[in-house]
Amino acid sequence: MIIAISEIAVFELRFGAENSQNKKKSHKAVDRFIQGLSIIPIYGCAERYAEENVRLRKNGTPMHDEFDLLFGVTALENKLTLVTDNLNDFMHFPSLKIENWYSR
């Protein structure tokens with residue numbers, strides 16, 4: 001099994017590290033976490049992003065978080081399973097495979 005992460009998720013992790021009390025330690029933790037992971041670029045998903053964004057808006061179900069929209073279309077475009085605890089935001093992507101590895 002290949003575990004990959006969107007480059008957008010790396011941006012979010014870097015922001016969290018920079019915004020933390022101990023930036024150096026947090027950036028090192030991000031480095032350790034992403035080491036060995038495949039980082040998926042988003043540029044190849046630009047057309048799919050536009051299509052899905054328009055579709056969702058026309059259906060009256062726009063996504064309010066652009067990053068989540070990018071996560072969804074990146075997974076769709078690359079035929080990947082999206083692992084998230086945020087199931088509600090992705091319920092309007094009928095062909096998206098989703099797994100929640102964190103149960104409450």
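**Figure 1. The largest pocket of this predicted model.** Its volume is about 860 Å³. A pocket is an open set of points on a 1 Å grid over the protein atoms alone, where a 1.4 Å probe fits, with protein on both sides within 12 Å along at least five of seven lines. Grid points are joined across faces, edges and corners, and the volume is the space filled by probe spheres set on the points. Rolling a probe the size of a water molecule over the atoms shows where empty space is left.

**Figure 2. The lining of the largest pocket.** Lining residues have an atom within 4 Å of a point. There are 26 of them, and the closest to the pocket centre are Ala 4, Ile 5, Ser 6, Leu 82 and Val 83. At least two lining residues come from each of β1 (4–6), α1, α4 (66–77), β3 (81–83) and β4 (97–99). Helix α4 gives the most, with four residues. By type, the lining has 17 nonpolar, four polar and five charged residues. Here Ala, Val, Leu, Ile, Met, Phe, Trp, Tyr, Cys and Pro count as nonpolar, Asp, Glu, Lys and Arg as charged, and the others, Gly among them, as polar.

**Figure 3. Thr 74 in helix α4.** Thr 74 counts as buried because its relative accessibility is 4%; buried means under 20% relative accessible area, with a 1.4 Å probe and protein chains only. Neighbours within four places in sequence are left aside here. Beyond them, Thr 74 is in contact (heavy atoms within 4.5 Å) with Ile 40, Pro 41, Ile 42 and Cys 45.

**Figure 4. Helices α1 and α2.** The axes of α1 (residues 7–18) and α2 (residues 23–34) come within 8 Å and cross at roughly 155°. That makes α1 roughly antiparallel to α2, a term for angles over 145 degrees. Axes are lines fitted to C-alpha atoms over the stretch in contact, and angles run from 0 to 180 degrees between N-to-C directions. From α1, the contact uses Val 10, Leu 13, Arg 14, Ala 17 and Glu 18. From α2, residues including Lys 23, His 27, Val 30 and Phe 33 take part. The contact residues divide into six nonpolar, two polar and four charged.

**Figure 5. The protein as a whole.** Four helices and four strands are present. These are DSSP runs numbered from the N terminus: helices are H or I, at least four residues, and strands are E, at least two. Their order along the sequence is β-α-α-β-α-α-β-β.

**Notes.** Residues are numbered from 1 along each chain as its sequence is written, and side-chain values use heavy atoms, without hydrogens or water. In this predicted model, local features need pLDDT of at least 70 and side-chain atom pairs count only at pLDDT 80 or more, while totals for chains, interfaces and linings use all residues.

How values were computed:
Angles under 35 degrees count as roughly parallel, over 145 as roughly antiparallel, 65 to 115 as roughly perpendicular and the rest as oblique. Buried means under 20% relative accessible area, exposed over 50%, partly exposed in between (1.4 Å probe, protein chains only).
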